[in-house]
Amino acid sequence: MRAAFDALGPWGNALGAADVACNAGDLHVSEPHRFRAVFISDLHLGTPGCQATALLDFLKHHPCETLYLVGDIVDGWQLRRRWFWPQAHNDVVQKLLRSARKGCRVVFVPGNHDEFARAFVGHSFGGIEVVEEAVHLTVDGRQLWVTHGDYFDGVIQCAKWLAYLGDNLYEFTLKLNRYLNSMRARMGLPYWSLSAYLKGKVKKALNYVTDFEVAVAAEARRRGHQGVVCGHIHRAEMREIEGILYCNDGDWVESRTALVEHLDGRLELLQWPARREVPSAALVSEMTA
């Protein structure tokens, strides 16, 4: 387990318009807006699908007092099968470590893809705290339970082999999506997510998402919290479920989303446009250079 953690190098030292506020215009805004807290998850560093360049832009322009890494930051499942670690992924890790050094509290809640890190709960690496779960207190006094959410996934808990199969199919979908969007870009068309489209059209997928959301919210209620922040299902959303505020911060594979708490306590989902809309072969080549 220690070897798996040390192998990561620096670590050891679909969306509705009502759900997401999109940062319009040029990425290079003049003045970064400081936030009280930022929640991001499902970066999947170590996979070609990770939009690390866009994430670096987002982190640069969204400094915060507390940064929550809500699981699946590093994709240990994929790295065990095939090593993929371009410079941009290393830059993300360095950015997180640098943020911790500069006074930002960085809290890492491992997920199922980086479950190896659960062996280090209670430890701090480069100023990054590793915890099983967290409770975030908003400025207006609400308690938000912070958990990745995989414990509420019946497939993960009861049939892990099926979860691995699903992960492979998802990677295939993302690869196909990159080819499709490469062609769309050449035709001047915007980015389109095949995975998000399928999730929105397949009834069983919709039922799975709904069941997951209800289960997570119910557990937050049972624990006495006013809300929950999670990831895992790669679907950014913020809504109330039977009196509990359910927040899913999405992912940095397709949606490029984060949950933020403003200094006045207001919670908001943000979508950050990528520097390039499509992770094309040119971008992959640049990242691995």
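Phe-58, Trp-252 and Trp-272 come together as one aromatic cluster. Keep in mind that this is a predicted model, where local features need pLDDT of at least 70, side-chain atom pairs count only at pLDDT 80 or more, and totals for chains, interfaces and linings use all residues. Residues are numbered from 1 along each chain as its sequence is written, and side-chain values use heavy atoms, with hydrogens and water left out.

Now for the ring pairs. Rings of Phe, Tyr and Trp (for Trp, its six-membered ring) pair if their centres lie within 6.5 Å; planes under 30 degrees apart are stacked, over 60 edge-to-face, and the rest tilted. The structure holds six such pairs, and here are two of them:

| Pair | Centre to centre | Angle between planes | Type |
|---|---|---|---|
| Phe-39 and Tyr-68 | 4.7 Å | 5° | stacked |
| Phe-58 and Trp-252 | 5.3 Å | 50° | tilted |

Phe-39 sits in strand S2 and Tyr-68 in strand S3, 29 residues apart. (Helices, H or I with at least four residues, and strands, E with at least two, are DSSP runs numbered from the N terminus.) Phe-39 is buried, with a relative accessible area of 0%, and Tyr-68 is buried too, at 3%. Buried means under 20% relative accessible area, exposed over 50%, and partly exposed in between, using a 1.4 Å probe and protein chains only.

Phe-58 lies in helix H2 and Trp-252 in the loop between strand S11 (244-248) and S12, so this pair ties together parts that are 194 residues apart in sequence. Both Phe-58 and Trp-252 are buried. Leaving out residues up to four places away in sequence, Phe-58 touches Val-38, Ile-40, Trp-252, Ala-258, Val-260, Leu-270 and Trp-272, where contact means heavy atoms within 4.5 Å.

Phe-58 also belongs to the largest nonpolar core, which has 38 residues; Val-38, Ile-40, Leu-45, Phe-58 and Leu-67 have the most contacts inside it. A nonpolar core is a set of buried Ala, Val, Leu, Ile, Met, Phe, Trp, Tyr and Cys residues joined through side-chain atoms within 4.5 Å. Elements giving two or more residues to this core include S2 (35-40), H2 (52-61) and S3 (64-69), while H4 gives the most, with six.

Finally, a look at S2. Five of its six residues are buried. S2 and S3 run parallel, joined by five bridges, and Val-38 stands opposite Leu-67 in S3. With S12, strand S2 pairs in the antiparallel sense over three bridges; strands pair if DSSP finds at least two bridges between them. Within that pairing, Ala-37 has Glu-261 as its bridge partner in S12.
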